[in-house]
Amino acid sequence: MKINSKVFTDRMEKLAKVPDQTMVKSYPFLRNKTPIRSGNARNRTKLNKTTNTIKSNYGYAGPLDDGRSKQAPKGFTEPTINFMEQTVNNLVGKI
């Protein structure tokens, strides 16, 4: 078996970008799944590109995610996780 090191390195570099790309694509998805009444929940949901995390920075995120809003009866975390899995599969499939 022969490995082309340039192709291997190129693919590894692309794979290394998948987590960042996934978060950037998932952030607007999660925000759109977040119920909106006053706008506080969506406005306080932030993407931290340094730590590659999305944070819902308000006290009632748990109840909203538990489906206590008619706007998001399935919450927003589980649908976002499913979206992220699809996104990762799509991105990796293109490499």
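This is a predicted model: local features need pLDDT of at least 70, side-chain atom pairs count only at pLDDT 80 or more; totals for chains, interfaces and linings use all residues.
## Aromatic pairs

Searching the whole structure gives two aromatic pairs. One of them joins Phe29 and Phe83, whose rings are stacked, with 4.3 Å from centre to centre and 5° between the planes. This pair links distant parts of the chain: Phe29 belongs to helix H1 (residues 5–33) and Phe83 to helix H4 (residues 77–93), and 54 residues separate them. Phe29 has a relative accessible area of 22%, so it is partly exposed. Phe83 is also partly exposed, because its relative accessible area is 22%.

Tyr58 and Tyr60 form an aromatic pair that is tilted, with 4.8 Å centre to centre and 55° between the planes. Tyr58 is buried, with a relative accessible area of 9%, whereas Tyr60 is partly exposed, with 35%.

## The nonpolar core

Six residues make up the largest nonpolar core: Leu30, Ala41, Tyr58, Ala61, Leu64 and Phe76. As background, nonpolar side chains in soluble globular proteins tend to be buried together.

Phe76 is found in the loop between H3 and H4. Its relative accessibility is 3%, so Phe76 counts as buried. With neighbours within four places in sequence again left aside, Phe76 is in contact with Leu30, Lys33, Thr34, Pro35, Ser56, Tyr58, Ala61, Leu64 and Asp65. Phe76 lies 47 residues along the chain from Phe29, and their C-alpha atoms are 9.0 Å apart.

## The largest pocket

The largest pocket has a volume of about 200 Å³. In general terms, empty space is found by rolling a probe the size of a water molecule over the atoms. The residues that line the largest pocket are Pro35, Ile36, Arg37, Ser38, Gly39, Asn40, Ala41, Arg42, Tyr60, Leu64, Ser69 and Gln71. Helix H2 (residues 40–43) gives the most to this lining, with three residues. Sorted by class, the lining has five nonpolar, five polar and two charged residues.

Ser69 is in the loop between helix H3 (61–65) and H4. Ser69 is buried, because its relative accessible area is 12%. Leaving aside neighbours within four places in sequence, Ser69 is in contact with Pro35 and Leu64.

Is Lys70 buried or exposed? With a relative accessible area of 83%, Lys70 is exposed, while Ser69 is buried. Lys70 and Pro35 are 35 residues apart in sequence, and the distance between their C-alpha atoms is 8.2 Å.

Asn48 is found in strand S1. Its relative accessibility is 34%, so Asn48 counts as partly exposed. Asn48 and Val92 are 44 residues apart in sequence and 23 Å apart in space, C-alpha to C-alpha.

Asn52 is in the loop between strand S1 (45–48) and strand S2 (53–56). Its relative accessibility of 23% means that Asn52 counts as partly exposed. Most residues other than glycine have a negative phi.

Terms used: Residues are numbered from 1 along each chain as its sequence is written. Side-chain values use heavy atoms; hydrogens and water are left out. Rings of Phe, Tyr and Trp (its six-membered ring) pair if their centres lie within 6.5 Å; planes under 30 degrees apart count as stacked, over 60 as edge-to-face and the rest as tilted. Helices (H or I, at least four residues) and strands (E, at least two) are DSSP runs, numbered from the N terminus. Buried means under 20% relative accessible area, exposed over 50%, partly exposed in between (1.4 Å probe, protein chains only). Contact means heavy atoms within 4.5 Å. A nonpolar core is a set of buried Ala, Val, Leu, Ile, Met, Phe, Trp, Tyr and Cys residues joined through side-chain atoms within 4.5 Å. On a 1 Å grid over the protein atoms alone, a cavity is a set of points where a 1.4 Å probe fits but cannot get out, and a pocket is an open set with protein on both sides within 12 Å along at least five of seven lines; lining residues have an atom within 4 Å of a point. Grid points are joined across faces, edges and corners, and a volume is the space filled by probe spheres set on the points. Ala, Val, Leu, Ile, Met, Phe, Trp, Tyr, Cys and Pro count as nonpolar, Asp, Glu, Lys and Arg as charged, and the others, Gly among them, as polar.
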